[in-house]
Structures are given as C-alpha cells and as structure tokens.
Amino acid sequence: QWLSDRKKRALQKKDVDIRRRIELIQDFEMPTVSTKIKVSRDGQYIMAVGTYKPRVRCFDTYQLSQKFERCLDSEVVTFEILSDDYSKIVFLQCGRFVEFHSQHGHYYKTRIPKFGRDFSYHYPSCDLYFVGASSEVYRLNLEQGRFLNSLQTEASESNVCDINPVHFLFAMGTAEGKVECWDPRTRNRVGLLDCALSSVTADTEIEGLPSISALKFDGALSMAVGTSTGQVLLYDLRSSNPLIVKDHHYGLPIKSIQFQHQLDLIISADSRIIKMWNKDTGKIFTSMEPEHDINDVCLYPNSGMLMTANEAPKMNIYYIPVLGPAPKWCSFLDNLTEELEENPESTVYDDYKFVTRKDLENLGLAHLIGSSLLRAYMHGFFMDIRLYHKAKMMANPFAYEEYRREKIRQKIEETRAQRVQLKKLPKVNKELALKLIEEEGEEQQFSKKRKQKNLPSLLKDDRFKVMFENPDFQVDEQSEEFRLLNPLVSKISEKRKRKLKILEELEAQGQEEEEEPEGKASDAESSESSDDEKGWVEEVRKQRKLLRQEEKLKRQERLKEDQQTLLKPQFFEIKEGEEFRSFKDSAKKQKLMKKTLEDRLKLEEKLGTLNVSDTTVGSKQATFKLKKSEQQRKQQEAEKRHRQERKTLRRSASHLKSRRGRGRLFH
C-alpha cells in the first residue's frame with residue numbers, strides 16, 4: 001500500500017514471490033462497487049452485480065474469465081438464479097422494477113406496488129414472494145404470468161425473507177425485530193418469533209430496537225437470524241427460544257449468513273468482519289477483516305472457497321483449506337497450499353524494523369520523524385532494516401562484539417547446566433533469590449504440618465528464568481521507585497512471618513481452646529498492623545527526604561559545572577538583502593510560523609495586509625497586500641524623495657516666471 005503502481009510493476013519483475021501470485025479469474029472486479037455475488041447451482045458460473053453504471057457480470061469458471069456483461073436501467077437490490085446455469089435470472093431493482101433475463105438477455109420487466117427489499121422463489125408453485133416497505137407480501141406466479149393475492153402481515157415493513165428448502169416454509173424478518181413464518185399451501189401464518197427480545201442478553205449493549213437484517217434456513221429445523229445491532233441468533237423451529245446468541249461486538253447490521261456443513265460452522269458477516277463459529281458451542285473458529293467494507297459473502301458449495309462483494313472494485317476470493325477442498329476448476333490450489341506449508345515465505349514486515357520514539361532518540365534519528373523514511377504505525381514507526389543497522393552501528397560500533405560475547409557466555413552456561421550442580425545463588429538478583437528461597441522453606445514447613453500441596457517455585461519456573469540470568473532485569477536498589485516501595489515490601493514480609501508463627505502456635509494448642517486465642521491473635525494483629533503502618537509511613541518520609549537532599553546536591557553540582565564552563569561566542573549569518581534589527585524579530589517570526597493559518601489570517605486582517613469579503617455568489621474573496629523587502633522599501637523612499645524635489649523645483653521655476661512677466665508689464 002506504500003508503493004505506487006509503477007514501483008509495484010518494477011517489483012513484480014524482480015521479486016519471484018510477487019510473480020507467483022495467482023489471479024484465479026481474469027478481471028474479477030466491478031467498475032466501482034460490487035453489491036451481490038452468487039454461484040449457479042451447477043457451480044460453473046459466478047454472477048455479480050454492482051455499479052457504476054448498474055450492471056451484471058457473469059464469470060465462467062471453466063474458462064477462468066468473464067462470459068458476458070449486461071448493463072441495467074437502475075441499481076440491483078438483490079437477484080436470484082432460477083435455473084441451474086445463467087439462462088433464467090430475476091433482478092429486483094431499486095425503482096420497484098422486477099426484471100427477468102433469459103440466456104440471450106433482457107426478457108421481461110414488470111413493477112411491484114411498493115419498494116422491494118428482498119424476494120424468494122417457491123419452486124413447487126413457481127411463485128415469487130416479494131417483501132419491502134409494506135405490510136403486504138406480494139406474490140407473482142411465473143407459470144400464469146400474473147400477481148396473486150398478497151399475504152397480509154402484522155409488520156409495518158419487512159427487510160428479508162427465505163424459503164426452507166425441505167418443507168418450503170416461508171419466513172420473513174420485519175423491521176420490528178420479529179420473524180413471521182407462513183405456510184404457502186394454506187397462506188396462513190403458522191408461527192411468530194420475537195428475535196429483538198431474545199437478542200438482548202447480559203453481555204450485549206443495544207441502542208434502539210433491533211430489526212431483522214439477515215435470515216437463512218439450514219435443513220428442516222435450523223434457522224439463523226441476523227439483527228441490525230450485530231447479533232446472530234440460531235433457532236430450532238420447534239422452540240421459541242434461541243439455542244445460541246452470537247454477538248459481533250461491532251454494532252453493525254449482519255449482512256450475510258452461510259452454513260458450512262463439513263465442520264458444522266456458521267459464517268456470519270457484517271460490513272467490517274467475517275466470523276466463522278461453531279453452531280453447537282458458539283466457539284470462534286476464525287475471523288477475517290478485509291481492507292474494504294463487505295456487502296455480501298458467498299460460499300462456493302462443497303469447498304473451502306469464499307467470495308466477497310466489497311465497497312471496492314476488486315471482489316475478493318479466499319481459500320481456506322481447513323473448510324474443504326478447492327473447487328474442481330482450480331484444483332491446483334491444493335498443491336500450492338501444500339508447497340506453501342513446506343516453504344514458509346517471508347512476511348511483509350521482514351524488510352522493516354519497528355521502532356518507538358525512544359529508540360529513535362537513542363539512535364539519534366529523531367529528526368527523521370515526519371519524513372518518508374519513517375512510516376507511522378500504532379505507538380511507533382516502521383523504518384528500513386538497512387538504515388536501522390547502519391544507525392545502530394554508528395551509535396554503538398561495538399554492539400556486535402558485545403552480542404557475540406553474550407552468546408558465548410550463554411552457550412557456556414548451557415553446557416555447565418548439564419553438569420552436577422550444587423545449590424548456589426544466581427548471578428543476577430541474588431538478594432531476591434535468597435528471599436524467595438527463605439519464603440519457600442517456611443511455606444514448605446507450614447504445608448507439611450497442614451498436609452497441603454507445595455506451590456511451584458519461582459526460581460524453577462521457566463517463565464521467570466530470565467529474571468535471574470539476564471543482567472537487564474537486575475533490580476536497581478538505588479532507584480527512586482525501589483527506595484519508596486522497599487519499606488512496604490519489608491513490612492509485608494515481616495507481617496507474613498508473624499502470621500505464620502501465630503498459626504503454628506494455634507495449631508499446637510488444642511481444638512477446644514482454639515476460638516479464644518484466635519480472638520486474641522486478631523486483636524494483636526490489628527494493633528500490630530496499626531503500628532506497622534505508622535512505622536512504614538515514617539520510613540517512606542525518611543526516604544523522600546533523602547531523595548530531595550540528593551536532588552539538591554545534584555543541582556548544586558550542575559550549577560558549579562555551568563559556572564566553570566566558559567561561554568563561547570555564537571555567530572549568526574544574516575540573509576542577503578535583510579537588515580539586522582534585534583533577536584526579538586527572529587523570535588517573533590518563529591512564533592508566527594508556529595501559529596495556525598487561521599490565526600495568521602486574523603493577524604494579517606488586524607494589520608490591514610489582508611481583506612476578506614463575501615461575494616454575491618456565496619463564496620469568499622481574499623485580497624492580499626504583499627510585504628515588501630528592505631531593498632524595495634529603500635528604493636520606494638528614494639523615489640518618493642526624488643518626486644518631492646522635482647515638485648519643489650517646478651514650483652520655484654513657475655514662481656520665477658510669473659515674477660518676470662509682472663516686471664515686463666510694469667516696465
């Protein structure tokens with residue numbers, strides 16, 4: 001994503017891995033956006049609709065290319081392939097139109113009374129059931145070629161519908177969050193599910209009433225319902241309560257629900273994520289987050305291939321070998337995936353190093369922030385690994401030697417570990433290790449008396465092994481944090497030892513006299529705890545005083561060093577054509593440059609160098625007066641003086657002429 005198209009093409013010539021990338025179907029895309037995608041029942045044709053302009057494209061999987069493209073009058077809401085191939089297709093368009101296409105192209109066009117949102121085809125009776133912005137379900141019989149009496153529902157609007165493939169029960173999801181089930185034979189309602197109420201659980205947070213946004217049958221008895229607030233409910237038709245409620249935790253409407261029978265998975269998708277989860281337990285199998293928003297998901301039958309229609313020209317194809325084999329028209333994918341497992345390829349970030357701002361400061365590369373050499377990512381930056389190695393070599397030239405010595409030391413330690421070892425303290429954090437050994441010994445003695453299991457040792461635990469081997473984990477006892485926390489830690493250990501002693505004394509006494517000493521011990525504990533708290537507070541205060549004194553001494557030393565150092569004169573270069581006035585002018589300029597454009601424009605308006613006015617059209621007109629340089633200003637002043645001198649000369653000359661004329665007349 002950082003590279004331009006030209007650089008990608010150049011990289012494709014050099015990089016073998018990029019040349020190996022597979023384009024399964026040639027030009028598998030739409031001009032702008034793809035909205036719906038479906039596979040024909042024979043598996044040979046993949047059909048997709050999108051914009052702009054509204055169109056349908058059919059791709060032949062046997063030829064791995066586009067078979068045909070047809071443009072439509074208006075955008076397609078949804079479509080259905082009635083035949084096994086592409087010869088019979090029905091399109092529901094956003095302008096209330098229903099368009100029928102045959103093998104040669106456009107066949108017939110009709111209109112429904114209200115705007116449609118979804119439709120289903122009832123195979124036994126050849127009826128199309130349309131739901132939309134109405135309480136009625138419109139029925140169009142394709143054998144007779146006419147509309148039949150519509151089904152009258154209780155819903156104000158309906159969003160989705162589906163017909164069970166086994167017993168042909170018709171179900172529709174309403175805007176009120178209910179699912180109505182109808183028997184097409186008697187045209188009567190046989191069931192009603194309140195999914196909005198069932199979707200609200202203790203873990204979910206819902207804003208507003210959830211409406212039904214997706215509906216899908218699986219077999220004779222299972223039905224999955226998706227809501228507009230991001231929940232998926234799995235129902236058994238014999239029960240009004242859902243078996244599982246799965247939340248996507250994004251609050252976005254569920255766009256598509258698919259069933260995967262080989263692993264008993266449900267594939268649900270909203271506009272951001274595709275989730276695969278077990279329909280019996282609800283446990284997540286995997287999830288995918290494409291780069292662009294999802295409009296529809298299509299699972300290729302009896303395979304591990306998944307296709308998505310996105311808010312982007314390219315339609316994505318995913319192959320997940322765990323879900324099933326590759327389709328027969330691209331069976332070579334199975335061999336490729338096996339090869340990829342054998343030869344793990346390098347990731348995208350192998351050529352980049354992730355560094356934080358602190359790392360950049362240590363390497364002396366903080367000035368590169370904002371340049372093209374660093375790519376901002378999360379709490380740091382990605383930089384080229386070669387640049388990182390060069391900078392590290394310059395910052396610490398002996399880093400490799402230190403690394404080599406450390407590796408040799410580790411190898412020697414590993415060989416020593418195989419020998420017969422004596423009990424001795426580790427090299428790193430000796431005091432902490434001694435403390436842990438003492439505590440373990442006390443706990444073991446107490447657990448033996450109580451006949452309890454011993455807890456695992458921190459020194460033998462592999463998770464904490466590095467803390468006693470790596471010198472980077474050495475506890476700094478002179479640090480401020482340790483000195484302030486140490487009184488508390490020591491007091492807690494003392495309290496623990498006292499508690500162990502009290503418990504041992506209680507066990508030594510009889511069970512009959514157990515209650516009275518317990519009361520005394522608790523009183524003693526409360527008095528001791530109050531004394532301990534006072535002592536701990538005093539110790540913390542002492543440590544803080546010592547820290548303040550040390551800081552004062554450090555400041556005094558710094559002041560002495562500053563006084564001893566001689567200040568060297570600094571030289572500043574003035575640009576050509578500028579006159580030096582004071583250091584304040586440069587400071588003002590720097591402050592001005594740091595201000596936002598809005599603040600600078602306001603300042604210019606106050607000074608009179610900028611004038612902003614509204615035009616008759618409704619836009620803004622800004623007039624600027626350019627600042628003049630020092631040379632231009634001097635030149636203009638000289639010209640002004642020259643003009644004034646010429647005016648005075650003209651006036652004096654005209655005055656002399658008038659006096660001479662008067663003298664002649666008088667003479």
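Buried residues make up 32% of the 667 residues in the protein chain; buried means under 20% relative accessible area, exposed over 50%, and partly exposed in between, with a 1.4 Å probe and protein chains only. This is a predicted model: local features need pLDDT of at least 70, side-chain atom pairs count only at pLDDT 80 or more, and totals for chains, interfaces and linings use all residues. Residues are numbered from 1 along each chain as its sequence is written, and side-chain values use heavy atoms, with hydrogens and water left out.

**Whole chain**

- The secondary structure of the protein chain comes to 13 helices and 32 strands. Helices (H or I, at least four residues) and strands (E, at least two) are DSSP runs, numbered from the N terminus.
- The protein chain exposes about 46,600 Å². Carbon and sulfur atoms supply 50% of that area. Accessible areas come from the Shrake-Rupley method with a 1.4 Å probe; for residues, only the protein chains shown count as cover.
- Take the contacts between residues at least 6 apart in sequence: 43% of them join residues at least 24 apart. Contact means heavy atoms within 4.5 Å.

- Strands E1 (33-39) and E2 (45-51) run antiparallel and are joined by six bridges. Two strands pair if DSSP finds at least two bridges between them.
- Val33 has Thr51 in E2 as its bridge partner.
- Five residues lie between the two strands of this hairpin. Gly43 takes a positive phi near 80° there.

**Salt bridges**

- The whole structure holds 16 salt bridges. The criterion is a side-chain nitrogen of Lys or Arg within 4 Å of a carboxyl oxygen of Asp or Glu.
- Arg41 forms a salt bridge with Asp84, with the closest N and O atoms 3.0 Å apart. Arg41 lies in the loop between E1 and E2, and Asp84 in the loop between E5 (76-81) and E6 (89-93), so the pair ties together parts that are 43 residues apart in sequence. Arg41 is partly exposed at 47% relative accessible area. Asp84 is partly exposed too, at 44%.
- Glu180 forms a salt bridge with Arg189, the closest N and O atoms being 3.9 Å apart. Glu180 is buried at 3%, whereas Arg189 is partly exposed at 33%.
- Asp236 forms a salt bridge with Arg238, the closest N and O atoms being 2.9 Å apart. Asp236 counts as buried at 17%, whereas Arg238 is exposed at 64%.
- Arg55, Arg57 and Glu69 are linked in a network of salt bridges.

- His248 sits in the loop between strand E20 (244-247) and strand E21 (256-260). Its relative accessibility is 1%, so His248 counts as buried.
- The side chains of His248 and Asp270 are joined by a polar contact of 3.2 Å. A polar contact is a pair of N or O atoms within 3.5 Å; within protein, one must be able to donate a hydrogen and the other to accept it, and residues adjacent in sequence count only if both atoms are side-chain atoms.
- Residues up to four places away in sequence aside, His248 touches Gly230, Val232, Ile254, Ser268, Ala269, Asp270, Ile273 and Lys275.
- Gly230 lies in the loop between strand E18 (222-227) and strand E19 (231-236). Gly230 is buried, with a relative accessible area of 0%.
- Neighbours within four places in sequence aside, Gly230 is in contact with Lys246, Asp247, His248, Leu252 and Ile254.
- Gly230 and Ser199 are 31 residues apart in sequence and 9.4 Å apart in space, C-alpha to C-alpha.

- An open sheet of three strands runs in the order E28-E30-E29, with antiparallel pairing.
- E28 (352-356) and E29 (374-377) stand at the edges, each with a single partner strand, so one side of each is left without a neighbour in the sheet.
- Neighbouring strands of this sheet are turned by 35° against each other on average, direction ignored. Axes are lines fitted to C-alpha atoms, for helices over the stretch in contact, and angles run from 0 to 180 degrees between N-to-C directions.
- E29 and E30 (residues 380-384) pair in the antiparallel sense over four bridges. Leu374 stands opposite Met383 in E30.
- Helix H6 (residues 385-395) packs on the sheet and touches E28 and E30. The direction of H6 makes about 95° with that of E30.
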